[in-house]
Amino acid sequence: MIRIKTSRQLAGIRESCRLLGTVLETLESSVAPGITTEYLDEIARREISALGGTPAFLGYQGFPGALCTSINEEVIHGIPGRRRLNSGDVVTIDCGIIYDGYYSDSAVTVPVGAIAPEVERLLRVTRHALEEGILAASRGNRVNDISRAIFQIIRENGYGVVRPYCGHGVGLAIHEDPQIPNYVGRGPNPRLKAGMVIAVEPMVNMGRDEIEVLEDDWTVVTADRSISAHFEHTLAIFNDRTEVLTRRNSELLHSTAEVSA
Ligand code: MG
Ligand code: MG
C-alpha cells in the first residue's frame, strides 16, 4: 500500500531530510585516508543525536551500525568497522534518520584521496543516473519511467546494474511501497501521485550485474569484485514539482553539465 503524505507529514519529512543532509555533509568532509568506517559511524551517532534525531538503520532487522559503509567492491549494507580507508578507495555512506517520527534516507559514494580516472567516471555516471531518475520522477509518470531512465544511463556507459536491491517509498517508515527498481522489471508500476515520498538509489557496478552477500549476512559485494557506486536521494512528489528533500549545498559542485560528461 502506497502511503500518500499529508502536508503536515511532508513538513516533518522535509525537516528530517534537511537534518540528514547536514549529517552527510559532515561525514563526507570527514572522509580521509587512514580513518576507519567505525570512526564515521561514531560521528554519525554524535551528530544525529545532537540534532535530536535517531539513526534509522541502527537495530533495523538487527543491523549494528548507524550507517552502512561500503568500501570499493562492497555495494551496500557494509558494517562500520576497523578497516582503514586508503587513498584511492571509495566509500559509500548510506544514512537514514528518524526525526519527530519522520524518516529520511540518502547515500553518497565518496572518494578517499585521489582516485583513478575510471573510478571517477563510475561515480560521475552513477550520480548522473540518479539525476536522470529524479527528472523522471514527476507527478503523472510511473515508477518504470524512473527505472528506465536510470537503467539507460548505466547501460549506455557499459556498467552493471544491481537488481536485487532497489529504491522505495519512505517517510513514515524506512521502507514503504512502492519498490523503485534500477531496471524495468515486471513488478508493480504505479503512477506517481502528489504526496508520495520515495527514495531513488541507483547502485552501479564497474563490472557485471551479479552480487553476493558476505558471511556477515549483511555486506553485499559485486560477484566479480569490481568497484561499485551508490547515490540516493529522498524526493517528494507535488502537483507542480518534485522536491529533492535530501539535496545538499555541497552538491552544487556537481552540476548537471558536469555529471553528463
Ligand atoms: Mg539508503
Ligand atoms: Mg534507501
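Colleague: Over the face of which ring does R241 lie?
Modeller: R241 lies over the face of F238, at 4.2 Å from the ring centre. Please note that this is a predicted model.

Colleague: And what does R163 lie over?
Modeller: R163 lies over the face of Y183, and the distance from the ring centre is 4.7 Å.

Colleague: Let us turn to the metals. Which residues coordinate the magnesium ion (ligand 1)?
Modeller: D94 coordinates the magnesium ion (ligand 1) through two OD entries, D105 (OD) and E232 (OE) complete the list, and the distances are 2.0 to 2.6 Å. The donor residues follow the sequence spacing D-x10-D-x126-E.

Colleague: Where do D94 and E232 lie?
Modeller: D94 belongs to strand β4 (residues 90-99), whereas E232 is in the loop between β13 (228-230) and β14 (233-237). The pair therefore ties together parts that are 138 residues apart in sequence.

Colleague: Are D94 and E232 buried or exposed?
Modeller: D94 is buried, and E232 is buried as well.

Colleague: What are the protein donors of the magnesium ion (ligand 2)?
Modeller: They are D105 (OD), H168 (NE2), E201 (OE) and E232 (OE), lying 2.1 to 2.2 Å from the magnesium ion (ligand 2). Along the sequence, these donor residues are spaced D-x62-H-x32-E-x30-E.

Colleague: Which parts of the chain does the pair H168 and E232 link?
Modeller: H168 is in strand β7 (residues 167-169) and E232 is in the loop between β13 and β14, so to speak distant parts of the chain, 64 residues apart. Both H168 and E232 are buried.

Colleague: How far apart are the magnesium ion (ligand 1) and the magnesium ion (ligand 2)?
Modeller: The two ions are 3.2 Å apart, and D105 bridges them.

Colleague: Which residues point which way from β14?
Modeller: H233, L235 and I237 point one way, T234 and A236 point the other way, and all of them are buried.

Colleague: What joins strand β9 (residues 197-200) to β14?
Modeller: There are 4 bridges between β9 and β14, and the strands run antiparallel. One example is V197, whose bridge partner in β14 is A236.

Colleague: And how does β14 pair with β15?
Modeller: β14 is joined by 3 bridges to strand β15 (residues 242-244), again in an antiparallel arrangement. L235 stands opposite V244 in β15. The two strands, β14 and β15, form a hairpin with 4 residues between them.

Colleague: A change of topic: how many aromatic pairs does a search of the whole structure find?
Modeller: The search finds 1 aromatic pair. F63 and W218 form that pair, which is edge-to-face, with 5.0 Å from centre to centre and 85° between the planes.

Colleague: Where are F63 and W218 in the chain?
Modeller: F63 lies in the loop between β1 (54-55) and β2 (67-71), and W218 lies in the loop between β11 (211-213) and β12 (220-222). The pair links distant parts of the chain, 155 residues apart. F63 and W218 are both buried.

Colleague: Where does A66 lie?
Modeller: A66 is also a residue of the loop between β1 and β2. A66 counts as buried because its relative accessibility is 0%. The C-alpha atoms of A66 and L235 are separated by 22 Å, and these residues are 169 residues apart along the chain.

Colleague: How many residues of β2 are buried?
Modeller: β2 is mostly covered, with 5 of its 5 residues buried. L67, T69 and I71 are on one side of β2 and C68 and S70 on the other, and both faces are covered.

Colleague: Which way do β2 and β4 run, parallel or antiparallel?
Modeller: β2 and β4 run antiparallel and are joined by 5 bridges. I71 has V91 as its bridge partner in β4. β4 is also the strand that holds D94.

Colleague: Finally, the pockets. What is the volume of the largest pocket?
Modeller: The volume of the largest pocket is about 480 Å³.

Colleague: Which residues lie nearest its centre?
Modeller: Of the 23 residues that line the largest pocket, Y60, H77, C166, H168 and H175 lie nearest its centre. Strand β8 (residues 176-180) provides the largest share of the lining, 4 residues.

Note on methods. Residues are numbered from 1 along each chain as its sequence is written. Chains are lettered from A and ligands numbered from 1 in the order in which they are written. This is a predicted model: local features need pLDDT of at least 70, side-chain atom pairs count only at pLDDT 80 or more; totals for chains, interfaces and linings use all residues. Side-chain values use heavy atoms; hydrogens and water are left out. Donors are N, O and S atoms within 2.8 Å of the metal (3.2 Å for Na, K and Ca); water is not among the atoms, so sites may look incomplete. Buried means under 20% relative accessible area, exposed over 50%, partly exposed in between (1.4 Å probe, protein chains only). Rings of Phe, Tyr and Trp (its six-membered ring) pair if their centres lie within 6.5 Å; planes under 30 degrees apart count as stacked, over 60 as edge-to-face and the rest as tilted. A charge sits over a ring if NZ of Lys or CZ of Arg is within 6 Å of the ring centre and within 35 degrees of the ring normal. Two strands pair if DSSP finds at least two bridges between them. On a 1 Å grid over the protein atoms alone, a cavity is a set of points where a 1.4 Å probe fits but cannot get out, and a pocket is an open set with protein on both sides within 12 Å along at least five of seven lines; lining residues have an atom within 4 Å of a point. Grid points are joined across faces, edges and corners, and a volume is the space filled by probe spheres set on the points.
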